[in-house]
Amino acid sequence: MTDNTRRRFLKTLLAGGGMATLTGCDYLSEKPWFRDTLAQGEKLSDAVQHAITPRKAMAREFTPADISPSFRANGTTDPDGTEYRGLAANGFRDYRLKVGGMVENPMTLDLAAIRALPSRTQITRHDCVEGWSAIGQWTGARLSALVEQARPHPDARYLVFHCADRYGRSDSPYYESIDMEDAHHPQTLLAYELNGEPLPIANGAPLRLRVERQLGYKMAKYVMAIEVVDRFDHIGRGKGGFWEDRGYAWYAGI
Ligand SMILES: Nc1nc2c(c(=O)[nH]1)N[C@H]1C(S)=C(S)[C@@H](COP(=O)(O)O)O[C@H]1N2
Ligand SMILES: [Mo]
């Protein structure tokens, strides 16, 4: 195949609902010509990126011996809002996670209810876009279990995570979003423990997202509410997340 044919092939996939053809099919990423095309830095749409990345694959997991001596904290490390301060002062006893938007069953859950959900523990590497990584052990509720309880409408597409903090001096709270496929990935957690201890405030207490196959900025800390939506162009500045609104990619696959 010549470069031009390849390019036309990709365009046809994009135009013709090619997602359906590719979904669940990873063979393309194994073809050298296709990898070359990627390496040339072609501007592929998120849809094609998603289709060729084996999204259902598991992120690498590590052993206890690999855990970083200290897990670096980044971004907000101590939210200063009065509501959050009050919750923290009381050991998050009054914390409630709200789950709403396009769901049949809106929910308000305290930490006991979240801890009662099916859980998972995993040792993974966190990669920040700024160029550092840390390995930690995360325990949390499987997001898929929570989503199933909430019963999303059939046309719901994304989960938006609304956080307690305003990063830096921003006038808008931190937020993030992921799609239903990542929400159902077995390693996607609402984590409440780091290295076997309750999640420290610096790392997002009482609850933070782990979406292990993406970069650190996707992993919303201080999650207060989850909104199920079919689009996010009306939230924040419309790009699906605090850093996305400031130029970062929405899909930050690693
Ligand atoms: N609410 C909130 N979540 C956030 C951030 C933030 O500033 N506020 N920073 C993000 C970034 S850039 C990274 S790398 C990770 C850092 O997580 P850590 O503090 O546990 O290392 O949190 C992400 N989630
Ligand atoms: Mo980051």
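Which polar backbone atom is 2.6 Å from an oxygen atom of ligand 1? The polar backbone atom belongs to arginine 72.

This is a predicted model, in which local features need pLDDT of at least 70 and side-chain atom pairs count only at pLDDT 80 or more, while totals for chains, interfaces and linings use all residues. Residues are numbered from 1 along each chain as its sequence is written, chains are lettered from A and ligands numbered from 1 in the order in which they are written, and side-chain values use heavy atoms, with hydrogens and water left out.

**View 1. The whole chain.** The chain has 9 helices and 10 strands (DSSP runs numbered from the N terminus: helices are H or I with at least four residues, strands are E with at least two). Of its 254 residues, 48% are buried (under 20% relative accessible area; exposed is over 50% and partly exposed in between, with a 1.4 Å probe and protein chains only). Among contacts (heavy atoms within 4.5 Å) with a separation of 6 or more, 68% join residues 24 or more positions apart.

**View 2. The surroundings of ligand 1.** Ligand 1 is surrounded by 22 residues (each with a heavy atom within 4 Å of the ligand). The closest are Arg72, Asn74, Thr76, Asp165 and Lys221. By type, the shell holds 12 nonpolar, 6 polar and 4 charged residues (Ala, Val, Leu, Ile, Met, Phe, Trp, Tyr, Cys and Pro count as nonpolar, Asp, Glu, Lys and Arg as charged, and the others, Gly among them, as polar).

**View 3. Side chains at ligand 1.** An N or O atom in the side chain of lysine 221 is 2.5 Å from an oxygen atom of ligand 1. For the side chain of asparagine 203, the corresponding distance from an N or O atom to a ligand oxygen is 2.9 Å. The protein buries 99% of the 540 Å² that ligand 1 exposes when taken alone (Shrake-Rupley method, 1.4 Å probe).

**View 4. The largest nonpolar core.** This core has 52 residues (a nonpolar core is a set of buried Ala, Val, Leu, Ile, Met, Phe, Trp, Tyr and Cys residues joined through side-chain atoms within 4.5 Å). Leu97, Leu143, Leu146, Leu159 and Phe161 touch the most other members. Helix H8 (residues 143-150) gives the largest share, 5 residues. A second, separate core of 8 residues includes Tyr158, Val160, Ile235 and Tyr251.

**View 5. Alanine 88.** Alanine 88 lies in helix H6 (residues 82-89). Why is alanine 88 classed as partly exposed? The class applies because its relative accessible area is 22%.

Technical notes
A polar contact is a pair of N or O atoms within 3.5 Å; within protein, one must be able to donate a hydrogen and the other to accept it, and residues adjacent in sequence count only if both atoms are side-chain atoms.
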